[in-house]
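User: I'd like to go through this one and check the labels against their cut-offs. Can you take my questions as they come?

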Amino acid sequence: EDAMFAFSDIGDMTLFADNVVPAVVQHHGLIDPCSSIRAKITSGKELTLQETTAMRAASIVAAQLVVDCANGPTSEFKAGTTPVNQATLDNFWWYEGKEPELRTIPRLVCKNTLYF
């Protein structure tokens, strides 16, 4: 393992809400954008910066709810396993979003950002 990438605090970071993760989170029904944002996403129209920020923020909140549930007392994860955090969940959802059946789901478009 390369020490340069051994981040001891990676579990404290939020997921990287680009355009893939919000699409996957929406696909799974964990977020439900308002009708005007949903219409823009479905038609491939560009979202405003505020709409994009709302979608990304909603993805982060949804991810934290999943993390809390996965690590909670009623979780089926066994003791001693690595806890789920937003970074690992992000990795899972991002790769899931690259699967052929999910590559066709509409994704948010925002061209005036340095994120992409």
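User: How many salt bridges does a search of the whole structure find?

Analyst: Two salt bridges turn up. Bear in mind that this is a predicted model, where local features need pLDDT of at least 70, side-chain atom pairs count only at pLDDT 80 or more, and totals for chains, interfaces and linings use all residues. Residues are numbered from 1 along each chain as its sequence is written, and side-chain values use heavy atoms, leaving out hydrogens and water.

User: Why is Asp32 called exposed, and what is Arg38 called?

Analyst: Exposed means over 50% relative accessible area, buried under 20%, and partly exposed in between (1.4 Å probe, protein chains only). Asp32 has 63%, so exposed is the word. Arg38 has 32%, so that one counts as partly exposed.

User: And which residues form the other bridge, at 2.9 Å?

Analyst: Glu51 and Lys40, with 2.9 Å from N to O. Glu51 sits in helix H3 (residues 49-70) and Lys40 in helix H2 (residues 35-43), so the bridge ties together parts 11 residues apart in sequence. Helices here are DSSP runs of H or I with at least four residues, strands are E runs of at least two, and both are numbered from the N terminus.

User: Is Glu51 buried or exposed?

Analyst: Buried, because its relative accessible area is 15%. Lys40 has 23%, so Lys40 is partly exposed.

User: How many helices and strands does the protein chain have?

Analyst: Four helices and zero strands, running α-α-α-α from the N terminus on.

User: How much of the protein chain is buried?

Analyst: Buried residues make up 34% of the 116 residues.

User: What share of the contacts join residues at least 24 apart?

Analyst: It's 70% of the contacts between residues at least 6 apart in sequence, where contact means heavy atoms within 4.5 Å.

User: How many positive and negative side chains are there?

Analyst: There are 9 positive and 14 negative, with the centres of the two sets 12 Å apart. Lys and Arg count as positive, Asp and Glu as negative, while His and the chain ends are not counted. Each charge is placed at NZ of Lys, CZ of Arg, CG of Asp or CD of Glu.

Conventions: Salt bridge = Lys/Arg side-chain N within 4 Å of Asp/Glu carboxyl O.
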